[in-house]
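The following briefing concerns the predicted model shown below.

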Amino acid sequence: MWSQGLATARWLRKRAENIAVAWLSLMFGTFIVQIFFRYVLNNPLGWSEEVIVTTWLWTVLWGAAFILGESEEIRFDIIYSNISENTRRVFTAITGIALIFFYGISLPASFNYVSFMKVERSAYLHVPINWMYSVYIIFALACIGRYCWLVYRAFCGDKSPETDPAKIGD
C-alpha cells in the first residue's frame, strides 16, 4: 500500500511538472510573438505582457508547491549540514510548525483578498484578477500540507533531507 502511494505521488509530481512546462512554453511562445510584433511589425501587443506575467506567477508558485523537493528548499546549509540528525529533526519540526502557523493565519485574509479581486479585470484580456492570483491559495494550502507531513515525519524520527551539496550531486 505504501509503495502504491509513492507511485501515485511520483505520477502526480510528473503531471505537475508537465503543467509547469506547458506554462513555461506558453510564456516563451508569447515572448517570441511579443518580440516579433514589437520589433518586426512595429506594433507592440499589450496582452502579451499579461500572459507572460501570469504564466510566470503560476509557474513559480505551482513549482514551489508541487515540484520542488525538500532537499531543494532554501536552508542555511552551513549550519544545517553540520549538526546532528536529532537537532536537524528539531529544526525541521520548529520551522514546519512556524510555517504552518504563518500560512494558516494568512490564509483567511489571502482568500478574502483574492475573492474580493473578482471585481477587477485585467486590462487587455479582461480576465478576472482573482483567477490570476488564485494560485497563491493553492500554493499556501499545498505548503501547509507539505509542512504538516514534514513535521509528522520529524516527530516519527524519519531522517532529515540531505543538504550537503557534495553528497546530493546535480
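Eight aromatic pairs are found in a search of the whole structure; rings of Phe, Tyr and Trp (its six-membered ring) pair if their centres lie within 6.5 Å, with planes under 30 degrees apart counted as stacked, over 60 as edge-to-face and the rest as tilted. Phe101 and Phe102 have ring centres 5.3 Å apart and planes at 65 degrees, so this pair is edge-to-face. This is a predicted model, in which local features need pLDDT of at least 70 and side-chain atom pairs count only at pLDDT 80 or more, while totals for chains, interfaces and linings use all residues. Residues are numbered from 1 along each chain as its sequence is written, and side-chain values use heavy atoms, with hydrogens and water left out.

**Aromatic residues**
- One aromatic cluster is formed by Trp23, Trp58, Trp62 and Phe66.
- Phe101 has a relative accessible area of 48% and is therefore partly exposed, since buried means under 20%, exposed over 50% and partly exposed in between (1.4 Å probe, protein chains only).

**Fold**
- The protein chain has seven helices and zero strands, where helices (H or I, at least four residues) and strands (E, at least two) are DSSP runs numbered from the N terminus.
- Of the 170 residues in the protein chain, 32% are buried.
- Thr87 lies in helix α4 (residues 85-116) and is partly exposed, at 31% relative accessible area.
- Thr87 and Ser160 are separated by 73 residues in sequence, and their C-alpha atoms are 9.8 Å apart in space.

**Nonpolar surface**
- Phe28, Phe31, Ile32, Ile35, Phe36, Tyr39, Val40 and Leu41 make a nonpolar surface patch of about 820 Å².
- Such a patch joins nonpolar side chains (Val, Leu, Ile, Met, Phe, Trp, Tyr) within 5 Å, from residues with over 30% relative accessible area and no salt bridge, the latter being a side-chain nitrogen of Lys or Arg within 4 Å of a carboxyl oxygen of Asp or Glu; accessible areas come from the Shrake-Rupley method with a 1.4 Å probe.
- Val40, located in helix α1 (residues 2-40), is exposed because its relative accessibility is 56%.

**Largest pocket**
- The largest pocket holds about 860 Å³ of space; a pocket is an open set of points on a 1 Å grid where a 1.4 Å probe fits, with protein on both sides within 12 Å along at least five of seven lines, and lining residues have an atom within 4 Å of a point.
- Among the 24 residues lining the largest pocket, Ala9, Arg13, Phe66, Arg146 and Trp149 are the closest to its centre.
- Helix α1 gives the largest share of this lining, ten residues.

Conventions. Patch = residues over 30% accessible without salt bridge, like charges linked within 9 Å, V, L, I, M, F, W, Y side chains within 5 Å. Points joined across faces, edges and corners; volume = space filled by probe spheres on them.
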